[in-house]
Amino acid sequence: MRTTALNEITLMQYIVLIHSSQVGTGIFSLPRKIADSSGTDGWISILIAWAANTLAGCVILLVMRKYPDDTLPDLFRKLFGKAVGKLLLIPVIAYYSYYGFSVLVNSMLYIKAWFLPYTPGYLIVLLFAVPTFMIVRNGMRVLGRYVEIVFYMMAWMPLFLLIPLDQGHWIHLLPVLKEGWKPIVRGVHDTLFSFAGMETLFFIYPFLRDKKRAFHGLFIASSLTLVLYLFVTISCFVLFAPDEIGMLNQPLMNLLKTIEFRFLERFDMIFLALYLFVVSRCWILYSFSAIYSASRLFDRPDHTKPAAVFLVIAAAIVFVHQPTWNEADRSETVLTILNEWYMFAFPVVLYVAVKGKELLGRLRSE
Amino acid sequence: MKRLLAVLLAIALLVSGCMDRKDIEDISLALIIGIDLNDEDKLQISTSSPVFSREAKIKTEINIVGADSLRAARDENDRTFTAYTSGGKTQLFLIGKKLMRREGWFKLLDPFLREPKNTSSMCIVLVDGPVSEVMSFNPRDKPRLPIYLTRLVDTASRRNLCIRTTLQELHSIDYEKGKTASLAELRLANKVIIKGSALLNEKGIYKMSIGADETRLLRMLQTEKAGEILFSFKHGNKSGDPAVPDNAYMINIQKYTAKLKTGYSDGRFTFDYRFKIRALLAEKLFSLDPLQEDKVLQAEMNRQLEEKFTRLIGKIQQAKIDPIGLGNYARAYRYSEWKKVQNRWGEALADADIRVRVDVTIASMGAIR
Amino acid sequence: MFPFDWLPKIRKYVPSAGNRKENRSGVDESRARPIVSSLSGNLEEAARRFPDWPDFVVFRFASVSEERETPAALLYLEGLSDKKAINDNVLRPMMTGETAIRNGVPAPTVGGVRTARTWTEVEHAVMSGESALFVDGREQAWIYNTAGWPQRAIEDPQLESSLKGAHQGFVETGTQNLALLRRYLPNMELRIVSLTVGRRGRTSLMIVYLDDVAHPEVLKELKKRIEKIDVDAVINTGELAEFIEDNPYSPFPQLILTERPDSAVSQLLQGRFVVIVDRSPSVLVAPVTFASFFQSVDDYSSRWMIASFIRLLRFAAFMIALLLPAVYISFISYNYEVIPLQLFLSIAESRERVPFPPLLEAMLMEITLEMMREAGIRLPAAVGQTIGIVGGIIVGQAAVQAGVVSNIMVIVVASTAIASFILPSYDMGTAVRLLRFPMMIMASLFGIIGLVVGFMTIVAHLVALESLGTPYGSPLAPFRWSDMKDTFIRFPLWTMKNRPTSARPVQETRIGKDRPRGDGA
């Protein structure tokens with residue numbers, strides 16, 4: 001059952017995994033959220049959010065470093081015993097499933113709005129369930145490979161955003177700090193969630209082969225996300241009027257709509273379709289975390305059954321409930337709060353527990 | 001057995017997923033949409049759509065209806081057009097001048113910004129006259145009207161004869177407090193002619209038109225470097241035979257740099273432009289050696305250009321609009337003063353002090369002296 | 001009675017236990033009879049075992065030596081033996097002269113002598129083309145290797161012809177193929193593991209590898225898989241490949257079949273294993289990665305810039321062959337906004353006359369093309385050319401004129417067909433041809449999203465696939481920078497100092513210190 005040794009991932013895959021857990025569908029509406037709360041100085045709040053999240057990731061790594069080959073379920077078992085450990089897994093599974101499910105549903109809503117308005121939502125979810133199933137049931141090794149190859153395949157995407165940039169008015173960004181620091185601090189809360197993703201470290205770190213570079217990898221991954229978000233946000237601020245961005249639901253899509261080539265109009269559709277690869281990394285990673293914990297809960301090494309169950313339930317919920325954009329928005333606020341607790345408060349608690357156990361152990365041996 | 005069930009389920013589900021299909025030949029593209037007010041002051045929406053059938057004799061179908069909004073008009077169109085009307089490839093919006101004098105006309109274009117499948121990079125053009133006449137215009141020596149008009153506006157804007165504004169840009173400017181819109185303007189008089197640009201005020205209502213020369217000046221004031229800019233001048237006080245003007249000359253601007261200094265003094269904003277222009281001599285209808293007398297020519301050009309700029313700026317200030325976008329500079333460099341006047345920028349600009357200094361250098365005179 | 005009322009019970013769990021007819025190999029008592037010393041007795045036995053076989057020859061002769069006549073008989077199968085060798089090297093020396101049978105011990109002038117004591121061995125030997133010599137008074141038979149069956153001359157392999165490489169292809173004899181390999185690598189490290197597969201066919205396999213380069217674990221895995229095979233006969237290498245593949249349900253080939261010795265040798269040098277199957281002109285190469293199917297021998301004989309260009313062309317062709325019809329269908333059915341206006345108008349005009357929905361039109365054209373392709377394989381060369389012209393040009397043109405298909409569809413289908421021929425590996429080409437159809441169906445149901453899902457599924461599949469334990473997607477997934485020197489572009493040979501890591505070679509650097517650049521740098 002010790003699968004971590006067989007399922008090793010390289011440093012590059014580790015970096016890409018962390019990066020993909022942070023970048024989901026939020027990037028489309030990020031500029032608007034920032035503009036709403038902090039105006040055109042909001043790009044500074046991105047920097048602050050990045051710093052906060054990276055710090056949280058470091059705390060998680062500090063915890064995991066004591067138990068290098070143990071994923072979260074194993075950690076629970078070692079710290080709290082078998083029964084309590086299993087009991088604690090249940091809210092964890094709920095959290096990751098909810099997160100993965102909401103990313104999946106968000107993608108489904110985008111697809112329905114932009115491409116297939118009349119196709120039923122559950123059908124779209126089922127379509128994407130097929131590759132998700134194929135990857136998740138094969139474990140972290142295959143997931144790492146998939147994430148890496150999608151990263152290389154889609155690395156060219158940000159370059160296309162350079163094209164409309166020369167029509168931009170950089171003057172929109174001036175003056176910096178026009179209203180002071182208050183709006184920036186207000187904006188931090190909204191952008192904090194876009195960097196969320198460190199909690200998957202609980203499941204990624206144990207599989208890393210080269211554990212000495214874990215902190216470097218974390219830093220690089222987070223910075224990659226930072227650069228991407230800054231680039232997108234600043235492009236949107238430069239190209240759109242400051243008061244206009246608040247009216248655009250997905251400023252990034254409007255930005256892409258302006259890119260046109262002689263041989264390909266409406267580049268934004270192609271871009272959004274290919275962007276689904278990037279988003280798929282996010283929901284597959286979160287689903288994997290949930291499914292992995294579920295198979296640990298039932299002490300099975302095989303991920304096939306939990307994966308199938310998870311995907312079928314997801315499709316069923318979409319079939320019965322038919323989510324809307326407003327619901328997706330509301331569930332995002334719920335997730336933000338959950339994420340703050342889970343990513344910031346919980347690792348500190350764990351760290352205390354780990355240190356406590358260490359102290360106890362030392363006391364006992366004396 | 002389980003596998004068989006899974007396969008059957010897959011097939012059943014997949015077959016049910018065909019609802020969004022719209023074959024290409026089943027689509028009527030609304031390539032040009034014209035909105036105007038008719039004689040009874042009611043909205044009139046005209047749509048021009050290409051016909052793909054080989055059996056049709058005329059390649060375009062046009063429908064002119066009265067309706068409350070664009071979406072309602074689409075329903076009307078679907079009553080006669082061969083296929084589904086669709087706005088995914090609209091190239092042009094033709095807005096009548098009568099309509100553009102009314103407040104809130106821009107809200108009519110809402111569905112094209114709201115629906116994701118619609119494009120928002122189509123050009124918006126003001127028509128000086130009734131739109132329905134332009135829509136029914138079908139010259140024999142030109143391609144289809146949508147393609148012809150689109151190309152016309154594109155090439156004209158590249159020559160800086162008019163300012164090409166897309167729907168997305170207009171939407172941006174609508175929200176911009178520091179800039180007012182400018183659009184291309186055309187007129188139908190046996191042929192379609194681009195008149196120049198139309199300038200709107202901050203509510204989006206039509207204010208004034210400017211010609212090709214002034215459009216070029218406006219572009220320079222906006223510090224837009226794209227496209228060709230040509231200026232013509234008159235030399236000295238000569239006025240010989242009026243049939244053949246022998247004191248005209250033209251330059252083609254190869255490159256120019258613009259420096260703008262924003263300031264605030266005595267309760268008004270000050271804007272100082274400094275243009276450095278590299279010009280190529282394109283036409284000279286009198287004998288003057290450019291090599292020897294270049295300083296004379298340059299000084300004359302500087303003076304005449306500064307006059308032209310001042311005249312245009314005067315017009316703009318009088319109309320209390322800001323097509324140049326100076327409000328953005330005011331906000332960037334004088335934020336606290338800007339905040340006080342941001343909601344009535346047109347008036348503030350009318351009081352402002354805008355100065356232009358031009359410095360032309362003749363880079364080349366061409367192949368002959 | 002004792003064993004018989006147990007039989008029904010045994011049959012429930014082991015159905016073939018009681019069925020003697022299926023369980024005959026080697027354990028049948030009656031056939032392993034020993035050889036008796038009397039020649040006539042042996043010959044009677046021979047007559048009983050090989051009754052009226054028209055090609056079975058029993059040559060009785062008397063070997064004269066020192067005035068003693070020893071009766072002997074040589075048994076062989078006419079078609080499988082090299083009659084010249086038998087006459088010159090076995091019979092003539094033994095019948096007269098110094099190499100006659102003395103004291104019952106024959107001494108022919110032929111190599112490869114063994115002795116056999118049971119009739120089973122004699123049967124096997126005779127049926128493999130060897131000849132068996134029975135001497136009166138001896139309880140054993142001598143087996144001489146005089147095998148010489150009909151085989152074809154060495155010619156250029158048909159499917160894998162190259163411009164600059166050697167024009168020798170493997171033939172149908174295992175030992176000849178091994179000899180061709182040895183010509184390239186006269187190296188003591190070239191090891192061979194012999195195995196036999198198939199109960200009736202008894203095909204001999206040889207696993208060839210370089211001992212200091214290849215990974216021993218992969219060898220173990222390969223041997224294990226081959227030894228598990230228990231069938232009647234393995235006729236072609238293709239059948240063997242299907243038995244030892246990691247995932248027979250995958251459309252992608254996981255083992256390379258090649259007919260070229262130079263190609264097989266370059267794979268050996270990378271640390272891979274070559275399995276030579278007797279009676280089949282293709283050899284198997286394992287383990288392989290996805291990128292290996294895009295490499296051809298000509299890449300290394302041509303200059304590196306043009307070789308890189310053609311490599312990139314192959315990858316582009318793969319994408320085109322897989323995606324072009326699907327992309328076309330999705331654009332004209334679901335996402336027409338993407339097509340530029342002029343093209344849109346011309347496509348719409350040409351499609352307006354076609355009564356079929358795009359999927360049906362595409363399927364019609366594709367299936368017609370596939371049928372023409374299959375028909376072309378079976379037709380002789382001269383007729384094949386005509387069919388190509390008639391089918392391709394005339395029928396295509398007529399179909400467009402009649403309004404059955406649109407001319408853009410003809411262009412799309414033709415480009416796809418040409419693109420799928422560019423791939424150097426036939427198996428990969430057929431995989432792409434096959435995968436085109438599900439992609440077209442997905443595109444016709446869901447547009448570009450269907451395409452994305454389909455491609456995602458293919459990527460997910462490739463990423464999880466393994467070939468004998470090595471990841472198939474390598475060097476793309478897991479990404480290895482060092483292997484990129486020979487994937488999309490071929491770097492010059494003097495930069496390739498290491499073997500690619502995809503085969504997990506034990507010896508990572510290639511032998512040799514100096515790879516000169518010609519200009520002495």
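## The sheet in chain C

C:Thr258 sits across from C:Val283 of β10(C). Three bridges tie β8(C) to β10 (residues 283–286) of chain C, and the two run antiparallel. Strands here are DSSP runs of E with at least two residues, helices are runs of H or I with at least four, and both are numbered from the N terminus; two strands pair if DSSP finds at least two bridges between them.

Zooming out, the open sheet has five strands in the order β6-β7-β9-β10-β8 (chain C), paired antiparallel. β6 (190–197) and β8 (256–258) of chain C each have a single partner strand, so one side of each has no neighbour in the sheet. From one strand to the next, the twist averages 25°. Helix α7 (residues 237–244) of chain C packs on the sheet, touching β8, β9 (273–277) and β10 of chain C, and its direction makes about 30° with that of β10(C). Contact means C-beta atoms, placed from the backbone, within 7 Å; axes are lines fitted to C-alpha atoms (for helices, over the stretch in contact), with angles from 0 to 180 degrees between N-to-C directions.

C:Ala286 and C:Pro287 are joined by a cis peptide bond, with omega about -15°. C:Pro287 belongs to the loop between β10 and α9 (298–301) of chain C.

C:Arg279 isn't a glycine, yet its phi is positive, about 75°. It lies in the loop between β9 and β10 of chain C.

## Model notes

This is a predicted model: local features need pLDDT of at least 70, side-chain atom pairs count only at pLDDT 80 or more, and totals for chains, interfaces and linings use all residues. Residues are numbered from 1 along each chain as its sequence is written, while chains are lettered from A and ligands numbered from 1 in the order in which they are written.

Notes. Contact = placed C-beta atoms within 7 Å.
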